Amino acid sequence: MTIKKILPILASTLLCLASQAQNTANLNKLIEEMRSDASLKHASLSISVYNITTDALAYESESQRSLIPASINKIYTTAAGFDQLGSSFRFKTSLDYSGEIDAKGVLHGNIYITGGGDPLLGSYRYKQTQPDSLFANWMLAMTKLGIKGVDGRICYDAGIFDNQLLNNTWQWGDIGNYYACGVSGLNFHENMYFAYFNAGKKVGYPATIDKVSPKNINILNQNAVTTGPENSGDQVTIYGDPNNPMRHYHGTVPLGKSDFPVRGALPKPAETCAELFSTYLRTHGISVSNSATMATNKPAELKSILAYYSNTYYVIAQYTNQTSNNMYAECIFKYLGYQNYGLGTFDNGVKSIQKFFDSRSLKPEGIRVVDGSGLSRANRTTTDFMCQTLTRIYHSGFYRDFVTSLSRVGESGTARNMLPGLDKNIEVSIKSGTMSGIKSYAGYITNADNQTLCFCIICNGYDCSESAIKAKMEKVIREIATMNDR
């Protein structure tokens, strides 16, 4: 090769190296600024950036430090779901019956609702899954078989999962609130309910509960909520056992609000589903002679009324990651445990995530997974391992489906309003995590040079506001997004 040909290549290489050095210098400056900030004096900060295109570590700082990940833990759960269930998988709920239907259309036997872990069953979010739509569908299937009355019961079977709805490492202050509702083998209405408050006439005055939804649920309210300032938002904390109808309300709702919705964890979701279906049938002309009950002596052979299927896993994973829905994540987590080991438990969910790691030759050093959502403060991860995982996902057959489940900066989910003014040629797909004193981000960046990078940044133990740490970390992500774009 002649000198004339070598010189341009050498110049280009030197320019690239200079650019990389500048990138590292800029990131180092931002990270050191964060470390020297008084509000992060006692915090742990870790970052890792890997250039997937060039197969090289682009940047790291304290990347082996084991930290609480919060909701970026959902990356492990949803990726394992894509890998072990597949994008087209659907959760199945079975409606069956025992006994015989007489000439008058009376079923002398029981109706059985057998749960399949579906997080969308009876969900208020979609018209076709709302309780009235769901029950109308079920009732229509019954009438097509000639059932006009039930001399028996509506029985529920949630045995696909164990009866431990909550992880034993979750905090008491979370339990009772919708985001820590836990999961059952037969979920209903996303295992949550709405309590509607009317604020008092002045700040400090008692706020009253006007109603709860879905109607006819068994909730006992003990209300200590008062009226807060205007525009102060939902400051209500709900306490309650998942197997007890009593709910204790503390905190404030904003001045001037009526029918102000607050979401709580629905007690006994499987039982609630069966009870409300019984009520629906009675109010629509189909008698049910006895109260709903758990299917303790379920016959070995049943006759099918209907097989009810959820939306696809692809859709469920999108909602799980883009809205950071804990209940959806735990359903995936426990269902993986059921599919792999015969019963949906937290322990079997953990084993399923480890199985995913093993299948991708990932060695989880400094990693601890105890739940599917990241709600537990007992979870641990390193930014280095998260980037290793994201790299393996990128090289998997389900990457395209997985990456669409993440929020797209400037477009969708929790990242809709992140990084304003970012170059339109740069794509950032991201999952965030937030808990008290914890902030994390992880995801993929396709930069202006069409290189794909993955990154993870976690901060534990900061003393500033959430908005302040978010702004600091977004500056870092913006710098990563423009690496080699100079």
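Is Arg-125 buried, exposed or partly exposed, and at what relative accessibility? Arg-125 is partly exposed, at 26% relative accessibility; that class lies between buried (under 20% relative accessible area) and exposed (over 50%), with a 1.4 Å probe and protein chains only.

This is a predicted model, where local features need pLDDT of at least 70, side-chain atom pairs count only at pLDDT 80 or more, and totals for chains, interfaces and linings use all residues. Residues are numbered from 1 along each chain as its sequence is written, and side-chain values use heavy atoms, without hydrogens and water.

**View A. Glu-190 and Arg-125 form a salt bridge.** The N to O distance is 2.8 Å. A salt bridge puts a side-chain nitrogen of Lys or Arg within 4 Å of a carboxyl oxygen of Asp or Glu. The pair ties together parts 65 residues apart in sequence. Glu-190 is buried, at 3%.

**View B. Glu-100 pairs with Lys-303 in a salt bridge.** N and O sit 2.9 Å apart. Glu-100 belongs to strand β4 and Lys-303 to strand β18, 203 residues apart. Strands are DSSP runs of E, at least two residues, numbered from the N terminus. Glu-100 is exposed at 54%. Lys-303 is partly exposed at 35%.

**View C. Asn-379 is buried, with a relative accessible area of 0%.** Its side chain reaches the backbone nitrogen of Val-370 at 2.8 Å. A polar contact of 2.9 Å joins the side chains of Asn-379 and Asp-371. Such a contact is a pair of N or O atoms within 3.5 Å; within protein, one must be able to donate a hydrogen and the other to accept it, and residues adjacent in sequence count only if both atoms are side-chain atoms.

Conventions. Helix = DSSP H or I, 4+ residues; strand = E, 2+ residues; numbered from the N terminus.
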